[in-house]
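Work through these exercises with the structure open beside you. Try each task before you read its solution.

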Amino acid sequence: MRAAAAAFRMQLSLAVRTPNYWMVVISTPPQVVLFLSVVDVFDRPDLVTNALMAPILMNMWSASLWTGGAVMRDDRWLGLLEIHAASPQPYGLIVASRVAAVILLSLLVIPVTLLTAVLTYGVDVEVRNWEILTSTLTVTALAIVGTGIVFSSMTILSRAAVTFQAAASYPFLLLGGVFVPLELLPEWVRPFGRLVFLSWSSDLMRDSVTELVVENALARLAVVVVLGLLGFAAGLWLIRVILDKVRGTGEISTI
Amino acid sequence: MGAVETFDLRREFRTSGLRRGETVVALQDVSLDVEEGEIHGLLGPNGAGKTTLIKILSTVLLPTSGRAEIFGYDVTESTKTVRKLFGLVFGGDRGLYTRLTARQNLDYWAALYEVPTQQAKETVERLIHLVGLDGRAEDRVETFSRGMRQRLHLARGLVADPPVLFLDEPTVGLDPVASLDFRGMVTGLRDEGKTIFIATHDMAEAEAICDRVTLIDHGEILATESPRTLGAWISAFEWVEVLGLDIETRDILEAVPGVASVADQPGGWVRFQPEREDASAEILQLALNHGFASVRTGYPSLEEVYLRTMGDRGMEV
């Protein structure tokens, strides 16, 4: 656990000094304005919650994909992947801790989103069920870490990983019902969406803002946890398998 | 039992690109023995297989066949145990988090090697002092010179106090003063009982610090020699160049016993390549006596030594 904590701290130190890690926070205000302007133009105050949840989840997801992916890719370019691979610690644990640090920082998009909404459109957000909202945010953040590990591992497999990350992002956000709730999407899409933990998270978050009592909240939270754990397990397994593979092929380094 | 041993170690790679699918042999049945407490050099030109061997020994690359052991532990079977027995140090800019400070880098690796917290603090402090970074420990690595980075690399490799150190071209790109400084630290570590396996293409470096040197080329071990033998090879082939020679003096110098060849070089220089140890001194003296003060000497490249020694004597060196 000490190694994991050290990796977490190290990534925080690294992130505060690296502008790339702040991009998700910087890009949040324009997105908030964009979504709120759509709501405003079409005079749909009932969609304000959607307009606020969307940039939060989108940017946490982006942090996971882009900066999480950069962890392993940068280590490889810096010759640090080899040194990590030669160390006694499982590299998956290190990546998980470092992605978790990135996701923790990405939670800053929440106050930035709310502040932007207040300052630009004078939105007054009233949360009906704080417990469910914070619980959902917590398990969603952990599930996003799992996804980040999966995408991080893929950067070693393919030089086109960045393109893949970009391409993979939107289908997941769409299936996750991040802006448009899943029930508004075509019926045949919905079963696929239910396999993406974001769809459960976004529904729960919307409900926790608008409803005092959220129906089946614990069961729905459990689904996010299970899907998140599956992502976690898949990510750790992938890193182990991929490192074993590149130890065989010699592709562990870039030179 | 040696500290590091390899037995018929072989590594093949599959090529990509235009020659996709071809097999390239990076190491051919390499067997060597590094004794505990020695500095053992692995000397060879670029592409000889030095880095491949270090990667296999440091568990980041699997051998195609054969085996390697560190203190009797097989690097492919007892990976976890083996990883606690060595430190890995690269040369160049790679291997450090440059946006972090020197101390943050060392703290991080100390935690990854599970050095107890209090001991880690003391070790990091001692290593910072050892590598002469006392005044720069809180500075970001990106502000460091090449030499300082290399010293920090060494400190990182030592953070878990491993009995074996693998150094892969550690002085590449360093200026002569920094190289000398680094070599001094390496010999100091040998005196503390560390076993050091250093890959280099620098003959002078190998001669200066190694107890034994293994020569490798095209993935094959050619010989394991003492630096004394290596030194004799180097000095035997020290060339002399003289600027603006007239024909008469050129003939005189060419007639010096032991001169193997004479060749014109760009800029009006003439190179005399001896094949005997004392010939270069005589050429130098004669050139000066005849009023040619613009002279320079140099050592042959590793490839030239291979060509002239091993090329003639094959595996019998």
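**Exercise 1.** In this predicted model, describe how helix α4 (residues 48-77) of chain A packs with helix α6 (residues 91-106) of chain A.

*Solution.* 
Step 1. Two packed helices are described by the angle between their axes and the distance between the axes.
Step 2. For α4(A) and α6(A), the angle is about 145° and the axes are 9 Å apart.
Step 3. List the partners. α4(A) brings A:N59, A:M60, A:A63, A:S64, A:T67, A:G68, A:V71 and A:M72. From α6(A) come A:V95, A:R98, A:V99, A:V102, A:I103 and A:S106.
Step 4. Sort the residues of this contact by class: 8 are nonpolar, 5 polar and 1 charged.

**Exercise 2.** Helix α1 (residues 2-16) of chain A also meets α6(A). Are α1(A) and α6(A) parallel, perpendicular or oblique to each other?

*Solution.* 
Step 1. Read the geometry: the axes of α1(A) and α6(A) come within 8 Å and cross at roughly 45°.
Step 2. Angles under 35 degrees count as roughly parallel, and 65 to 115 as roughly perpendicular. The pair α1(A) and α6(A) is therefore oblique.
Step 3. Note the hand: α1(A) passes α6(A) in a right-handed crossing.
Step 4. Find the contact. On α1(A), look for A:A3, A:A4, A:A7, A:F8, A:Q11, A:L12 and A:A15. On α6(A), look for A:L93, A:I94, A:S97, A:R98, A:A100, A:A101, A:V102 and A:L105.
Step 5. Sort by class: the contact of α1(A) with α6(A) holds 12 nonpolar, 2 polar and 1 charged residues.

**Exercise 3.** Now turn to helix α10 (residues 279-289) of chain B. Why do its buried residues line one face of the helix?

*Solution.* 
Step 1. Pick out the buried residues of α10(B): B:A279, B:S280, B:I283 and B:A287.
Step 2. Look down the axis of α10(B). The buried residues fall within an arc of 95°, so they line one face.
Step 3. Check the face turned away from the buried side of α10(B): it carries the exposed residues B:Q285, B:L288 and B:N289.
Step 4. Find the cover. The buried residues of α10(B) are covered by elements including β11 (239-243), α9 (247-254), β12 (259-264), β13 (269-274) and β14 (295-298) of chain B.
Step 5. Look just after α10(B): B:G291 takes a positive phi of about 85°.

**Exercise 4.** How many helices and strands does chain B have, and what percentage of its residues count as buried?

*Solution.* 
Step 1. Chain B has 11 helices and 14 strands.
Step 2. Of its 317 residues, 42% count as buried.

Technical notes: Residues numbered from 1 in each chain as written. Chains lettered and ligands numbered in written order. Predicted model: local features only at pLDDT ≥ 70, side-chain atom pairs only at ≥ 80, totals over all residues. Axes fitted to C-alpha atoms, helices over the stretch in contact; angles between N-to-C directions. Helix = DSSP H or I, 4+ residues; strand = E, 2+ residues; numbered from the N terminus. Contact = placed C-beta atoms within 7 Å. Nonpolar A, V, L, I, M, F, W, Y, C, P; charged D, E, K, R; others polar. Buried ≥ 20, exposed ≤ 12 C-beta atoms within 10 Å, placed from the backbone. Parallel < 35°, antiparallel > 145°, perpendicular 65-115°, else oblique. Left-handed = near helix turned anticlockwise from the far one by under 90°. Arc of directions from axis to C-beta.
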